[in-house]
Structures are given as C-alpha cells and as structure tokens.
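Try each task before you read its solution.

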Amino acid sequence: MAKRVYEVWKGNNKFLIGGRLIFGPDARSLLITISLILIPVVIFCVFVARHLLHHFAAYNAGYAVLIVAIVFTLYVLALLLITSAQDPGIVPRASHPPEEEFSYDPSVTGDIGGRQTPGLQFPRTKEVIVNGQPVRIKYCDTCMLYRPPRCSHCSICNNCVQRFDHHCPWVGQCIGQRNYRYFFMFVSSSALLCVYVFAMSALYIKFLMDGDYPTVWKALKHSPASIILMAYCFIAMWFVGGLTGFHLYLIGTNQTTYENFRYRADNRLNVYDQGCISNFLEVFCTKTSPSRNKFRTYIQEESLTNRLQVLRPHDPVEEDDSGGDPRAKVEDDLELGGDLLKISRRRNYEEFEGDDDDEEVQQEDGLGLPVSQFPDNEPDNGQNVSRGRRGMSWEISPLEGVASMRKESHD
C-alpha cells in the first residue's frame with residue numbers, strides 16, 4: 001500500500017491529523033507555554049476581573065474587562081498554534097546529490113580493474129548573486145542540496161529551513177520564512193496581554209484602597225491574587241517585551257536571529273537590507289509563500305532505472321561494447337557508486353574564510369557511531385557501501401543486483 005509523504009518523512013517532525021499539522025520534535029513544550037498563558041488569565045478572571053464588573057456602572061463597561069481578557073487570550077493562543085503547527089519553510093530533500101555538479105578531473109586518476117578512470121570532483125560551495133552582491137551558499141550533506149540564501153539546517157528538526165531565524169523551544173518549532181510573521185505577532189501580543197493584566201490588577205488594588213482598605217498592605221491582604229499577577233506579569237515582561245524589541249530591530253534591519261548572532265562581529269554588508277519601511281513591508285505585507293512540501297500526497301516508488309542513473313553519472317570515457325571485460329565494467333559501476341556515497345557523507349571541516357560553518361546535525365551511521373570515525377580512505381568493495389549516513393534516501397544495493405545480472409548474462 002502506498003504511503004503518504006509525512007509517513008516516511010526523514011526529519012524529526014511530528015505530524016497530527018493525517019499530516020495536516022506539523023510540529024517540531026519538542027512539541028510537548030507547547031503544553032508548558034499554554035499553561036504559562038492560561039493559568040494566570042484564569043486567576044485574573046476569577047479573582048480580579050469578576051470584582052471589576054460593577055466598578056464601571058456606565059453602559060456596564062465592567063464586563064468589557066473580562067471580555068477583553070478572554071478574547072485577547074484566545075487570540076494569543078491562536079497565534080501560538082499557527083506558529084507551531086505549520087511548515088516554517090522546509091526545503092524538500094533531494095533524493096540524490098546534484099548530479100549536474102559532479103565533474104571529472106583528468107589529473108586525478110584511479111586504477112579500477114586495470115583501467116584508468118578520471119577522479120570525481122564535487123564543489124562544496126557555490127556563489128549566487130543577491131541584490132547585485134555575491135553570496136556564498138553551502139552544500140548540505142543531510143538534505144543533499146545547495147542551501148538557498150539565508151537557509152540553514154536546524155540540528156533539532158533535521159531540516160533545511162528557508163530564512164532560518166532560530167528554533168524556538170517555547171513553540172516547539174523552527175522559526176523561518178513562513179511562520180516568522182506569526183511568531184512576532186505572538187510574542188508582541190503576549191507582551192500586551194501582560195501589560196493589560198498588570199494594569200487591571202493594579203487598578204483593582206486602587207479601588208480597594210479607595211474603599212474599605214485604605215492602606216496598601218490591607219488591600220494586598222484582601223486580594224493576594226492581584227499582587228501575584230502583578231509580580232508574574234512584571235517578570236514576564238522582561239522576556240516577551242525584550243524579545244519584541246529585539247525582533248523589531250531585526251525586522252527594521254532585515255536580519256535574522258541566526259545572522260545577527262553569527263555575523264555581528266564580521267561587519268559584513270547586509271545585502272538584504274532595503275530600508276526600514278521596505279523591510280517592515282516585506283515581513284507584514286507580503287503574501288505567505290505556499291509550502292514546498294505536500295505532506296499528504298502519496299509517494300511513488302522510484303524505479304530501478306532512475307536509481308541507476310543517479311548512482312552512476314554519465315561517464316565521459318567511452319565504453320567499449322565490442323570486447324571489453326564485463327567484470328571490469330561491473331567493478332567500475334561499484335567503485336563510482338561508492339565514490340558518490342563517500343562524497344555525500346563526507347564531512348567538510350574546513351573553514352571557508354571563517355563564515356560558512358552553518359548549524360548542522362551530527363550524522364551517525366546505522367550502528368549509531370559518528371560517520372567521521374570511519375576513515376575517508378576506507379576501501380569500499382561493495383560490502384560496506386550501504387553503510388551510509390542516516391537520512392540518506394538512496395543506496396547502492398540495487399546496483400549489486402544489476403552487476404550480478406550482467407555477470408550471468410556474459411557467462
């Protein structure tokens with residue numbers, strides 16, 4: 001039976017309602033965040049807002065205090081769910097390394113079955129032009145693609161995310177191109193909710209002091225919930241209020257949190273800055289791009305022919321079908337497949353002028369050991385080529401069956 005995309009998803013995401021909602025691996029932290037919002041609001045409605053209903057006699061305006069608190073809380077929770085339960089801008093993984101990027105270097109040759117073959121080369125970085133300025137992009141070993149500009153690999157979700165800002169544990173999701181707007185609205189609305197609850201609690205203390213409790217101490221003893229809410233909201237304001245101000249600065253300068261923390265000391269030119277007004281319009285007044293992933297669609301099994309074309313790129317050396325050794329040809333296929341696998345799992349620990357070491361996940365092989373523990377010059381004789389990196393979507397094993405069929409046909 002054919003499976004849907006979300007059922008074989010190689011990231012660390014969690015899906016609900018048949019793939020309609022996508023969360024990060026730490027989605028349980030949402031329960032903590034919801035509790036931090038709901039519990040104070042319930043205390044406010046029961047012990048503070050209920051007593052303010054009749055303090056504004058004109059037009060029964062006291063009921064507005066309770067209604068505003070409930071509606072505002074539902075609005076904040078809705079923004080939290082939208083931020084956490086949608087695709088943040090995940091770049092779909094490739095089924096194989098970009099074949100068009102492979103090149104052959106005649107100066108580097110290898111002896112395979114008594115035949116000299118050119119060495120296989122693969123560029124680790126590329127340069128693209130953004131707003132007239134060159135920007136270097138890096139190859140992602142896990143997703144097997146060149147990351148678009150401003151894209152980074154999240155080590156928690158194990159996905160490449162467009163315009164990656166950060167992974168927020170409070171919402172249990174990456175913050176990227178498709179949900180950054182809602183994340184900022186959630187944070188800023190939470191700050192306003194804290195201000196509202198603090199102000200109404202302080203107003204209730206004032207009403208108590210103007211009535212039967214003339215001193216602050218007596219008023220606080222009569223309504224300890226008010227002082228607890230005021231203290232809680234004051235502390236929370238330092239977090240959500242400060243975070244709101246920080247992201248206002250990032251939006252105004254068209255930066256991401258990742259770029260700000262990583263490149264703040266480099267004094268590099270920000271090629272994405274288009275002016276404060278244009279930057280704000282880009283975040284709040286542009287249409288959210290559709291998701292590049294169709295999580296509910298059925299996957300189609302890749303044919304053997306296509307997989308062989310992936311594993312064995314076009315060889316510039318002409319093949320001799322008239323009288324060549326079929327065993328040597330099979331060894332060529334296996335060796336080239338092994339080269340591709342080595343390239344796709346090879347870790348690049350070299351620094352590219354000190355500014356291209358994006359955040360990546362630690363890769364492990366099927367035995368749970370880091371791939372870097374296996375030496376690069378380990379021979380691949382067809383027995384260990386299937387020991388690839390976890391997260392790869394292609395293997396060498398079908399090629400071995402083709403090799404045996406060729407051998408039987410020639411025998």
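Helices (H or I, at least four residues) and strands (E, at least two) are DSSP runs, numbered from the N terminus. This is a predicted model, where local features need pLDDT of at least 70, side-chain atom pairs count only at pLDDT 80 or more, and totals for chains, interfaces and linings use all residues. Residues are numbered from 1 along each chain as its sequence is written, and side-chain values use heavy atoms, with hydrogens and water left out.

**Exercise 1.** Find how much of residues 225–252 is helix, and how far apart the end C-alpha atoms are.

*Solution.* Start with the secondary structure: residues 225–252 are 100% helix and 0% strand.

**Exercise 2.** Classify the ring pair of Trp9 and Phe295.

*Solution.* Recall the cut-offs: rings of Phe, Tyr and Trp (its six-membered ring) pair if their centres lie within 6.5 Å; planes under 30 degrees apart count as stacked, over 60 as edge-to-face and the rest as tilted. The whole structure holds twelve aromatic pairs. For Trp9 and Phe295, the centres are 5.2 Å apart and the planes stand at 75°, so this pair is edge-to-face. Next, place the residues: Trp9 lies before strand E1 (14–16) and Phe295 in the loop between helix H7 (276–284) and helix H8 (304–311), so the pair ties together parts 286 residues apart in sequence.
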